[in-house]
Amino acid sequence: MSSLQDTLNEIVAEMAAQTERGAVASYIPELGKVDPAKFAIAVVGNDGEVASAGDADEPFSIQSISKVFTLALALGRVGDQLWNRVGREPSGTAFNSIVQLELEHGIPRNPFINAGAIVVSDVLLSGHQPREAIGEVLSFMRTVADDDSVIIDRDVANSERATGFRNFALANYLKGFGNLNHAPEMTLGVYFHHCAVAMSCLQLANAGRFLANAGRIESSGHSIVSSERARRINALMLTCGHYDGSGEFAFRVGIPGKSGVGGGILAIVPGVASIAVWSPGLNARGNSMLGSIALERLTKRMNWSIFASR
């Protein structure tokens, strides 16, 4: 069996040969500027092994992947009370669907669609000014990544604010149904900024270690969340992490994952490893086209699907 590093090198070479790469998320102007030829993958094992290939040191906008980390923070803040305001079911509709939110009386299906993540941002804003809540999210990202160089890309945040009309509509619907405690523009300020966190694949794979290791970061001994909470976050990533493409991702890749329209995917092999992949071109459902293919090949070659017999 080839080594993990050899496997990653093979996958990068295979992805470089792909001619169909999807389309970058040009509806956010700053993301539309990213080179679609970029590709990176990094794996951080629970045993301490780190392997990477491609542009794994280059920061990119993690976008909705940040929702995994804001969910962990919000659960730490209010615990299971969060589920009074946000559901835990797959949406089956686009990540920015307004119709579903109206039909279901302002309760978003899950914390990973935009409406759900806006409610999570509202929870984090409680008792804080937006700047303080944004700082708390960034501090948490730096802690779990063990890297103080992680930043928020202000240009991306401003680009999202300038073009985020559907998100403003979602926030106003939430406010109208009584499921937003702060002014929509304040909550959206937190939301736009945490989506604009920039990380490399190596940083992102490091940040996901606690979800692969029952809530703990082994190297530091820090417990980030309980083992039960880590399992539940992983369960939501598996069922809801790729919007209306979540079933397909579970079918093909077979591990929890959370995508972002910046072309990144954070994937977790519970008990084994944290994986980050980045390819900016998206498929029709807003998930990284080559990132999904690469993860399918990686889990198959390493026998990492959670549904595989060991």
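Trainee: With which residues is T93 in contact, leaving aside its neighbours within four places in sequence?
Mentor: T93 is in contact with Q100 and D244, where contact means heavy atoms within 4.5 Å. This is a predicted model, in which local features need pLDDT of at least 70 and side-chain atom pairs count only at pLDDT 80 or more, while totals for chains, interfaces and linings use all residues. Residues are numbered from 1 along each chain as its sequence is written, and side-chain values use heavy atoms, with hydrogens and water left out.

Trainee: How far apart are T93 and D244 in sequence and in space?
Mentor: In sequence they are 151 residues apart, whereas their C-alpha atoms lie 5.4 Å from each other.

Trainee: Why is T93 called partly exposed?
Mentor: The relative accessibility of T93 is 24%. Buried means under 20% relative accessible area, exposed means over 50%, and partly exposed covers what is in between (1.4 Å probe, protein chains only). The value for T93 therefore places it in the partly exposed class.

Trainee: How do you know whether S279 is buried or exposed?
Mentor: S279 has 0% relative accessibility, so it counts as buried. It lies in the loop between β10 (273-278) and α13 (289-302). Beyond its neighbours within four places in sequence, its contacts are R21, K38, F39, G263, S288, L290 and G291.

Trainee: Which class of accessibility applies to S66, and which to N167?
Mentor: S66, a residue of helix α2, has a relative accessible area of 1% and is therefore buried. Outside four places in sequence, S66 touches H194 and C195. N167 belongs to helix α7 (residues 165-176); at 10% relative accessibility, N167 also counts as buried. The contacts of N167, with neighbours within four places set aside, are N114, I118, L188, Y191 and F192.

Trainee: What is the case for A230?
Mentor: A230, in helix α11, has 2% relative accessibility and so counts as buried. Not counting residues up to four places away, A230 touches F210, L211, A214, G215 and V225.

Trainee: What makes a set of residues a nonpolar core, and which residues have the most contacts inside the largest one?
Mentor: A nonpolar core is a set of buried Ala, Val, Leu, Ile, Met, Phe, Trp, Tyr and Cys residues joined through side-chain atoms within 4.5 Å. The largest has 71 residues, and F69, L82, M199 and L204 have the most contacts inside it. Apart from this core lies another, of 25 residues, with V43, A51, I275 and L295 among them. As for L204, the residues it touches beyond four places in sequence are F60, I62, I65, F69, M199, L266, S274 and A276.

Trainee: How do you know whether the radius of gyration agrees with that of a compact globule?
Mentor: The radius is taken over C-alpha atoms, and the globule rule is 2.2 Å times the number of residues to the power 0.38. For 310 residues the rule gives a value near 19 Å; the protein has 18 Å, which agrees. The C-alpha atoms fill a box of roughly 55 × 40 × 35 Å along the principal axes.

Trainee: What share of the residues is buried, and how many helices and strands are there?
Mentor: Buried residues make up 56% of the 310, and the secondary structure comprises 13 helices and 10 strands. Among contacts between residues at least 6 apart in sequence, 68% join residues at least 24 apart.

Note on methods
Helices (H or I, at least four residues) and strands (E, at least two) are DSSP runs, numbered from the N terminus.
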